[in-house]
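Student: I would like to learn how to read a protein structure by asking about it piece by piece. Could we look at one together?

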Amino acid sequence: MGSPRRFSDASTYWVVDDIPQLATRIRLRAVQMIAPQGFGYLGQALSSAEQVAAVFGLARPGLDRLVCSPGHYIIGPFAAAVELGLLEESALGRYGQDGSDIEAIGTESSPVVDYTCGSLGQGLSAAIGLALGDRLNGSQARTYALLSDGELQEGQVWEAALFGAHHRLDAVTVLLDANNSQVDGPVDTITTLDPIAAKWQSFGWHVLEVDGHDAGAVCAALAGAAAVRDRPSVIVCRTSTVHGLDCLPADADGHFIKLPPDLAEAALAELNDRLKPESPHV
């Protein structure tokens with residue numbers, strides 16, 4: 001398969017028959033990416049795997065757009081892209097290496113996604129701008145934006161939310177990964193965000209709140225958002241940065257997980273055991 005520079009530029013179409021299995025494979029690929037260094041942004045892949053899998057499963061390649069606002073979340077789209085053949089498997093070994101385009105924290109040169117940010121809080125502005133441009137150009141594309149709950153501490157997010165609702169940009173769907181984790185500790189010990197849903201509703205958005213690790217619920221929410229007219233949608237996905245890996249220690253720092261060789265081996269074995277042997281490819 002080819003390697004699209006951007007999600008919306010994909011010339012090769014893919015089919016995902018089993019979104020929960022793709023989520024498991026995203027976790028597996030993410031472990032493979034950070035294992036050589038022994039640490040990295042694995043927790044972001046663990047918390048967002050179902051969301052990323054659902055977008056890759058339901059979006060229209062070559063038309064719809066994918067924005068990854070928190071740059072360190074790029075590990076999830078990279079993992080999905082390798083699994084689906086949109087990036088070569090050798091990309092796993094280049095993750096986080098000096099000079100590599102498979103960066104640990106995404107930048108404007110990162111492949112696969114249409115936009116990502118090193119600085120937090122900017123992705124929604126980009127998603128809103130892309131959607132407004134698509135409307136002006138007569139495009140039927142949808143824009144999916146992956147945000148983290150910690151980003152809601154940034155004022156720019158709320159400026160973009162106001163603008164998107166004012167312009168009734170119903171082509172925008174935000175997947176908000178509410179994993180209660182940021183570099184300084186649990187989000188709710190830094191800034192109180194709840195009630196998150198009520199805040200977005202007050203800004204004029206259609207809001208759904210789901211268990212972010214329930215792939216069926218995430219897919220149903222995405223389908224529901226696509227049917228909404230005259231306002232953008234946000235899906236608040238309640239998640240955990242250690243979900244899907246029972247071998248992680250209870251005190252694992254989900255923001256930046258340490259993965260020494262013995263733990264990496266245990267993680268790979270655990271995830272491989274969860275894969276369906278009859279379906280080696282999603």
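This is a predicted model: local features need pLDDT of at least 70, side-chain atom pairs count only at pLDDT 80 or more; totals for chains, interfaces and linings use all residues.

Student: Is cysteine 117 buried or exposed?
Tutor: Buried means under 20% relative accessible area, exposed means over 50%, and partly exposed is in between (1.4 Å probe, protein chains only). Cysteine 247 has 23% relative accessibility, so it counts as partly exposed. Cysteine 117 has 3%, so it counts as buried.

Student: In what order do the six strands of the open sheet lie?
Tutor: Strands of a sheet pair through backbone hydrogen bonds, either parallel or antiparallel. Strands (E, at least two residues) and helices (H or I, at least four) are DSSP runs numbered from the N terminus, and two strands pair if DSSP finds at least two bridges between them. In this sheet the pairing is parallel, and the order is 3-2-4-5-7-6.

Student: Which residue in strand 4 is the bridge partner of valine 67?
Tutor: Strand 2 and strand 4 (residues 143-148) pair in the parallel sense over four bridges. Valine 67 has its bridge partner in strand 4, and that partner is alanine 145.

Student: Which element gives the largest share of the lining of the largest cavity?
Tutor: On a 1 Å grid over the protein atoms alone, a cavity is a set of points where a 1.4 Å probe fits but cannot get out, a pocket is an open set with protein on both sides within 12 Å along at least five of seven lines, and lining residues have an atom within 4 Å of a point. The search finds one cavity of 30 Å³ or more, and its lining includes Val52, Phe56, Val67 and Cys68. Helix 2 (42-58) and strand 2 (65-70) each give two or more residues to that lining. The largest share, four residues, comes from helix 2.

Student: How many charged residues does the lining of the largest pocket have?
Tutor: Ala, Val, Leu, Ile, Met, Phe, Trp, Tyr, Cys and Pro count as nonpolar, Asp, Glu, Lys and Arg as charged, and the others, Gly among them, as polar. Among the residues lining the largest pocket are Arg60, Asp134 and Gln140. Its lining divides into four nonpolar and three polar residues, while the number of charged ones is five.

Student: What relative accessibility does alanine 79 have?
Tutor: Alanine 79 is in helix 3 (residues 75-83). Its C-alpha atom is 9.4 Å from that of valine 31, a residue 48 residues apart from it along the chain. Alanine 79 counts as buried, because its relative accessibility is 0%.

Notes: Residues are numbered from 1 along each chain as its sequence is written. Side-chain values use heavy atoms; hydrogens and water are left out. Grid points are joined across faces, edges and corners, and a volume is the space filled by probe spheres set on the points.
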